[in-house]
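Hi,

Here is the structure I promised to pass on.

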Amino acid sequence: MTDRQVAERIASGKINASDDTAGRSLGQILRANLLTRFNAILGSLMIVVVIVGPLQDGLFGVVLAVNTVIGVAQEVRAKRTLDRLAVLTAPNAHALRNGRLVELAADAVVLDDILELRPGDQIVVDGLVLATDSLEIDESLLSGEAIPVVKALDDEVRSGSYVVAGSGRIRAIRVGGDAFAQKLQGDARRFSLVRSELQQGTNRILRMVTWVMIPAGVLLVTSQLIRSGQSVNEALRASVAGVGAMVPEGLVLLTTLAFALGAIRLARRQVLVQELAAIEGLARVDVLCIDKTGTLTEAGMRLGAIETFGDPLAEEALGALVDIDPSSNATLQALAALPVPSGWTAEVRVPFSSARKWSGAQFAGFDTWVLGAPDVVMPDSSLPASLLTRIEAFVTRGDRVLLVARTSEPLSGGVLPAGLEPAGLVVLEERIRVDAAATIEYLVSQGIAIKVLSGDDPRTVGSIARRVGIPGAASAFDARELPDDPTALAEVLRGSSIFGRVQPHQKQAIVSALQASGHVVAMTGDGVNDVPALKQADLGLAMGSGAQATRAVGQIVLLESSFATIPGILGEGRRVITNIERVANLFVTKTVYAAILAVVVGISAIPFPFYPRHLTIVSTLTIGVPGFFLALSSGSPRAQPGFVRRVLAFTVPAGAVVATVTLLTYLVARGPTHATTAQARTAATLGLVAIGLAVLVLVARPLNRAKAVLVGCMAGGAALTWAVPVSRRVFSLEWPPAGALWATAGIVIVAIPLLWFLVAMGARLEDRLSPPLLQ
């Protein structure tokens, strides 16, 4: 197309633009952070405070506003960071413009553009085939059918599919919203928490909180207004305090914040997180499926040797086969320096594909020549013993070996011709990554099983695996002998870790069988043959140097294609999960004790122990500020399922103890020590802060210097709040009688060991109820 034709189509909107964005828009982010049920509750309570006063009781509104600003700012920051990196992985197209091929971004393609397709390309528009050279398209991402489809002239191809072999040209017939265009890519890059146990668990907790709040809140408000004997204003302020205390206002914020900052930290390591839930995903993984080439070894290969068995045409044929194959895989790149012979014209050609593991051509006047894996091109029984010995020597030291064979029989379709005779060997050398052994050692030490799935000879794969220290490498399994039955396949997988001659569909079947056995599976990949397995896996890790299709379906893209970045992703995922669980323990403990207080106070019809401003002190010093820092802390064990169960096992006993301490200090101050209501509320606030700090110590375990400083600062903040006269006036704190203070201290001292004991018992009960980890 000419520039004028392109401009006309852009002007008329016939361009491959998509409404999908790499995440939520700014408006969506604002709505998600502002328009929540808890913000609505707290906003309504804030209006009540503004009406009845004093404004000091509305300090929780300031905290709410700050939380919202932080949440919006960090999500926008994460979105911008991921968008910048996503540009590096977005699919491109090769279009014919002004008589020459140019590379374009997918959204720059217009209707009627002529696009050239190459192996590994993701198709970005719906198109009509204009020219084909053995073009094979994988449409499994659209149809679920993993068998490549051979495309003929005038056949239609759809965006979201990708080229596995051959080449061709298409004319764009549907673009933008009229086609499937970029839908797959947009879904992969969406800024979301889909399929996240943490999100599902948090939502479940929030639903439970809502159901608890409704009856408890109604009981409390009714009691305070009708039966407590307080003025209307006093009753309303007490009701606001009781209902507001049950709201876990920072839980969603800090959950989102932990994920967003995790994505930003990984971005600094050149790791693109296309789905935020992927950070959580790797932390839960217990099986990692990897390829050999590009993962354990360097991405490229080096030509080691060519042995021609005295056939004068073998090396020329090899050069001709390499020249006519449009694939850009590592094997052909290693052979690219071979001279191209003249006079070799291919009449029939079969391009290389991972499923076939060979390529071939029928040359005019030069017979049919085939290049591929020796045991695929010719059975071992048909090869001379001396040749088998040579092949064995190369593969056992970790080299890749290809056989060059010839025959006078014609080449037809994708079937090997009869009468093939060996004409030469090609030896390709691979270099093991310097960090591969250390990475494997770390992953194994963390309880992650490694499964190597390679298309190479099992002996080559086993040799490389032994050298990097993968357990079970001594017995590599030939995937051609794998059973089709999923149960039988799962049994083989329990005993074997190294697999060679693996077909693309077998990678997907292996991942599926592991998942059926209860494992959480991650899969690394860089080639189009890895796409079905990447899509099937719980977590797909795509190499940045890989094919467009793999980058589109991978939930995480390793932009520098470094296997050594995986431990960092693992650590970040564990960090996020553990920190969110800590934060949930803090906020849900507050909800539990607030609900208990609301019910007890509602039944007994006594004035509520706090004004809203008192609970602002408690929430800030024992939950909000420490929760923020705990959400960013480092170091954590491997993640396990049962998030909600563990949170409840901690928060129910902890909340019960905290509520008991609060009620006892309040009632003792009002009764035996004859404190005023204001003094009793101060005593209850003091007791609640003290036992709240004890809960904080439990949540922050294991303690280190930073966490100890955090707890110390919160205790110091509490001391300053009571010590400074202005602060006491603002927060309505009146020192209770000495007897009330001693009683408060005694109650807290007795309660702390009880708190630790009950939380430990809850953890033991949770351990007994939880299913054992899979081995």
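First, the ground rules. This is a predicted model, so to speak of local features I needed pLDDT of at least 70, side-chain atom pairs count only at pLDDT 80 or more, and totals for chains, interfaces and linings use all residues. Residues are numbered from 1 along each chain as its sequence is written, and side-chain values use heavy atoms, with hydrogens and water left out.

**Salt bridges**

I called a salt bridge wherever a side-chain nitrogen of Lys or Arg sits within 4 Å of a carboxyl oxygen of Asp or Glu. That gives 28 of them.

Take Lys-292 and Glu-430, whose side chains pair up at 2.3 Å, N to O. Lys-292 is in the loop between strands S9 (287–290) and S10 (302–307), while Glu-430 is in the loop between strand S15 (421–429) and helix H15 (436–445), so this bridge ties together parts 138 residues apart in sequence. (Helices, H or I with at least four residues, and strands, E with at least two, are DSSP runs numbered from the N terminus.) Both partners are buried, meaning under 20% relative accessible area; exposed is over 50% and partly exposed is in between, with a 1.4 Å probe and protein chains only. Lys-292 comes out at 0% and Glu-430 at 8%. The two also belong to a salt-bridge network that includes Arg-400 and Asp-456.

Next, Arg-302 and Glu-429 form a salt bridge at 2.1 Å, N to O. Here strand S10 supplies Arg-302 and strand S15 supplies Glu-429, 127 residues apart. Arg-302 is partly exposed at 45% relative accessibility, and Glu-429 is partly exposed at 21%.

Then there is Arg-406 with Asp-311, at 3.1 Å, N to O. Asp-311 counts as buried, with a relative accessible area of 17%.

**Leu-667**

Leu-667 is part of helix H23 (residues 643–670) and is partly exposed, at 42% relative accessible area. What does Leu-667 contact, leaving aside neighbours within four places in sequence? Ile-606 and Pro-672, where contact means heavy atoms within 4.5 Å. Ala-740 is 73 residues away from Leu-667 in sequence, and the C-alpha to C-alpha distance is 9.8 Å.

Cheers
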